[in-house]
Amino acid sequence: MINFNELPQDKPVGTLIDKGCYIATVVEATMRTPKSGGADYLALTYTLKTLDGVEKGKFWDNFFDIDKPIPRYKLQRLLTALGLSSLTAFELSDLTKIVNNKTMLVDIITDEKSDPPKNVIDVFSGEIYYPMSEKAAK
């Protein structure tokens, strides 16, 4: 029997999280093909926790092999945060084999212009991704 008084009063999934730095653990890394065509891209799924360990759910992030400054910098920061900066030449698909279960810190903001608003990676206010060794500084 279902007791109405025991049902959650707050929306458990799809709620926005506050702007800030979170612990992100890669739980899935796959290559995907855009629906509109074009080159495959790397899709990462993270579990997010606050710096004091409170679970905040899953988060999705994409990486593209395009010659534009922000996507290239974002990829460089990912590799640095995960301790993979020694990779000198690689394909995005190579990362699917080596990033699973790796943990880093990530800056998150809310994109208020999106309809509905959604959380996104903050590529402008900080360094985007950080090694776990920088947790004490956050």
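Where is isoleucine 128 found? Isoleucine 128 is in the loop between strand 5 and strand 6. This is a predicted model, in which local features need pLDDT of at least 70, side-chain atom pairs count only at pLDDT 80 or more, and totals for chains, interfaces and linings use all residues. Residues are numbered from 1 along each chain as its sequence is written, and side-chain values use heavy atoms, with hydrogens and water left out. Helices (H or I, at least four residues) and strands (E, at least two) are DSSP runs, numbered from the N terminus.

**Strand pairing**

- Strands count as paired if DSSP finds at least two bridges between them.
- Strand 1 (residues 20-32) pairs with strand 2 in the antiparallel sense, over nine bridges.
- Within strand 2, threonine 45 stands opposite glutamate 28, and lysine 49 stands opposite isoleucine 23.
- Strand 1 also runs antiparallel to strand 4, with six bridges joining them.
- There, methionine 104 of strand 4 stands opposite alanine 24.
- Strand 2 and strand 3 pair in the antiparallel sense over eight bridges.
- Tryptophan 60 in strand 3 is the bridge partner of threonine 45.
- The hairpin of strand 2 and strand 3 has five residues between the strands, and its glycine 53 takes a positive phi near 95°.
- Strand 2 is largely enclosed by the rest of the structure, because seven of its nine residues are buried.
- Burial follows relative accessible area: buried means under 20%, exposed over 50%, and partly exposed in between (1.4 Å probe, protein chains only).

**Aromatic pairs**

- The structure holds three aromatic pairs, and two of them are described here.
- Rings of Phe, Tyr and Trp (its six-membered ring) pair if their centres lie within 6.5 Å; planes under 30 degrees apart count as stacked, over 60 as edge-to-face and the rest as tilted.
- Tyrosine 46 and phenylalanine 59 form a stacked pair, at 6.4 Å centre to centre with 5° between the planes.
- This pair links distant parts of the chain: tyrosine 46 belongs to strand 2 (residues 41-49) and phenylalanine 59 to strand 3 (residues 55-63), 13 residues apart.
- Tyrosine 46 has 0% relative accessibility, so it counts as buried.
- Phenylalanine 59 is at 7% relative accessibility and therefore counts as buried.
- Phenylalanine 63 and tyrosine 129 form a tilted pair, with 6.1 Å centre to centre and 40° between the planes.
- That pair also links distant parts of the chain, since phenylalanine 63 is in strand 3 and tyrosine 129 in strand 6 (residues 129-130), 66 residues apart.
- Phenylalanine 63 is buried, at a relative accessible area of 2%.
- Tyrosine 129 is buried, at a relative accessible area of 0%.

**Charges over rings**

- A charge sits over a ring if NZ of Lys or CZ of Arg is within 6 Å of the ring centre and within 35 degrees of the ring normal.
- Lysine 74 lies over the face of phenylalanine 63, 4.7 Å from the ring centre.
- Arginine 77 places its charged end over the ring of tyrosine 130, 5.8 Å from the centre.

**Backbone exceptions**

- Most residues other than glycine have a negative phi, and most peptide bonds are trans.
- Isoleucine 128 is not a glycine, yet its phi is positive, at about 75°.
- Isoleucine 128 is buried, with a relative accessible area of 0%.
- Asparagine 101 also has a positive phi, near 70°, in a residue other than glycine.
- Asparagine 101 lies in the loop between helix 2 (92-95) and strand 4.
- Its relative accessible area is 64%, so asparagine 101 is exposed.
- Aspartate 115 and proline 116 are joined by a cis peptide bond, with omega about 0°.
- Proline 116 lies in the loop between strand 4 (103-111) and strand 5 (118-121).

**Threonine 96**

- Threonine 96 is placed in the loop between helix 2 and strand 4.
- Threonine 96 is buried, with a relative accessible area of 19%.
- Leaving aside neighbours within four places in sequence, threonine 96 is in contact (heavy atoms within 4.5 Å) with Ala29, Thr30, Met31 and Leu42.
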